[in-house]
Amino acid sequence: SADLAAMALAARQTLAGFGKAFNDNRYVSVVWLVLAAIGLLERAGLQERARIAIAQLRAVTVGRLLGVYFIVRQGAATLGLTSLGGHAQMVRPLVAPMAEGAAETKFGALPDRERFLIRSHAAAADNIALFFGEDIFIAIASILLIKGFLEQNGIVVEPLELSVWAMPTAIAALLIHGARLWLLDRRLKRALAPPPVAQEQGVQP
């Protein structure tokens, strides 16, 4: 019938539109290729290799490792490199396994509670660093959104001014989250460090 023919034509036009957009924006296909590559690397033992690599560095703690990642992630975001990191690309396959490896090197096998705590802090480091770092880059969508919202309410402000005032917030986020990671190290030490062996009384060394 005419209705079915119209529906079929609309479906073909919609599919053609998606195909054209996908073909015109080839970076979309690159993203899918990157995710597939990460999946293959994980299957080939990427997480295990990350754990082994970090286990060789005795001075690394969970807090120090995540603190370094926080600084790198925030610094990249301030330059507009928001894709340099992320949960799928970086946290799950590399950062979280390396943090777990650092804890296992110091404390041995991890209980599920502490393992999930480390993973959640790895994800939080990525989120917070990106959120407070990207607003320093004047060409990011969030800056333009803030500018547009303020102008709708009669407040004229330049993107550079927003970027400058985002810097103290980013520094505060770095300091506050650095303190949280320091407290994380202390919490893991209290929960996982073996109790000191009591010396036998009356026995001379």
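**Entry 1: threonine 61**

I listed what threonine 61 touches, leaving aside its neighbours within four places in sequence, and found Ala102, Lys106 and Asp185. Contact here means heavy atoms within 4.5 Å. The model is predicted; I took local features only at pLDDT of at least 70 and side-chain atom pairs only at pLDDT 80 or more, while totals for chains, interfaces and linings use all residues. Residues are numbered from 1 along each chain as its sequence is written, and side-chain values use heavy atoms, with hydrogens and water left out.

Where is threonine 61 placed? I found threonine 61 in the loop between α3 (46–55) and α4 (62–78). Helices are DSSP runs of H or I with at least four residues, strands are runs of E with at least two, and both are numbered from the N terminus.

Is threonine 61 buried or exposed? Threonine 61 counts as buried because its relative accessibility is 13%. The cut-offs are under 20% relative accessible area for buried and over 50% for exposed, with partly exposed in between (1.4 Å probe, protein chains only).

I then looked at its polar atoms. The side chains of threonine 61 and aspartate 185 are joined by a polar contact of 2.8 Å. A polar atom of the threonine 61 side chain also lies 3.1 Å from the backbone nitrogen of arginine 64. A polar contact is a pair of N or O atoms within 3.5 Å; within protein, one must be able to donate a hydrogen and the other to accept it, and residues adjacent in sequence count only if both atoms are side-chain atoms.

**Entry 2: two residues of α5**

I looked up glutamate 100 in helix α5 (residues 87–107). Glutamate 100 has 1% relative accessibility and therefore counts as buried. Its side chain makes a polar contact of 2.6 Å with the side chain of arginine 119.

Glutamine 89 is also in helix α5. Glutamine 89 counts as partly exposed, because its relative accessibility is 32%. Its side chain reaches the backbone oxygen of glycine 85 at 3.1 Å.

**Entry 3: α7 against α8**

How do α7 and α8 pack? I read an angle of about 115 degrees between helix α7 (residues 141–152) and helix α8 (residues 159–192), with their axes 10 Å apart. Axes are lines fitted to C-alpha atoms, for helices over the stretch in contact, and angles run from 0 to 180 degrees between N-to-C directions.

On the α7 side the contact is made by Ile143, Ile146, Lys147 and Leu150, and on the α8 side by Pro159, Leu162 and Ser163. By class I noted five nonpolar, one polar and one charged residues.

Isoleucine 146 belongs to helix α7. With a relative accessible area of 34%, isoleucine 146 is partly exposed. Its C-alpha atom is separated by 9.3 Å from that of valine 157, 11 residues apart along the chain.

**Entry 4: proline 194**

I found proline 194 in the segment after α8. Proline 194 counts as exposed because its relative accessibility is 63%. From C-alpha to C-alpha, proline 194 and phenylalanine 107 are 7.9 Å apart in space, and they are 87 residues apart in sequence.

**Entry 5: the chain and its confidence**

I counted eight helices and zero strands in the chain. Of its 205 residues, 32% count as buried. Among contacts with a separation of 6 or more, residues 24 or more positions apart account for 73%.

The mean pLDDT of the chain is 80, and 77% of its residues reach 70 or more. pLDDT is the predictor's confidence in each residue, from 0 to 100. Where is confidence lowest, and where highest? It is lowest in helix α2 (residues 27–43), at a mean of 57, and highest in helix α6 (residues 112–133), at 94. Over residues 198–203 pLDDT stays under 50, and the model has zero contacts there beyond four places in sequence. Where pLDDT is low, the predicted coordinates should not be read in detail.

How values were computed:
Ala, Val, Leu, Ile, Met, Phe, Trp, Tyr, Cys and Pro count as nonpolar, Asp, Glu, Lys and Arg as charged, and the others, Gly among them, as polar.
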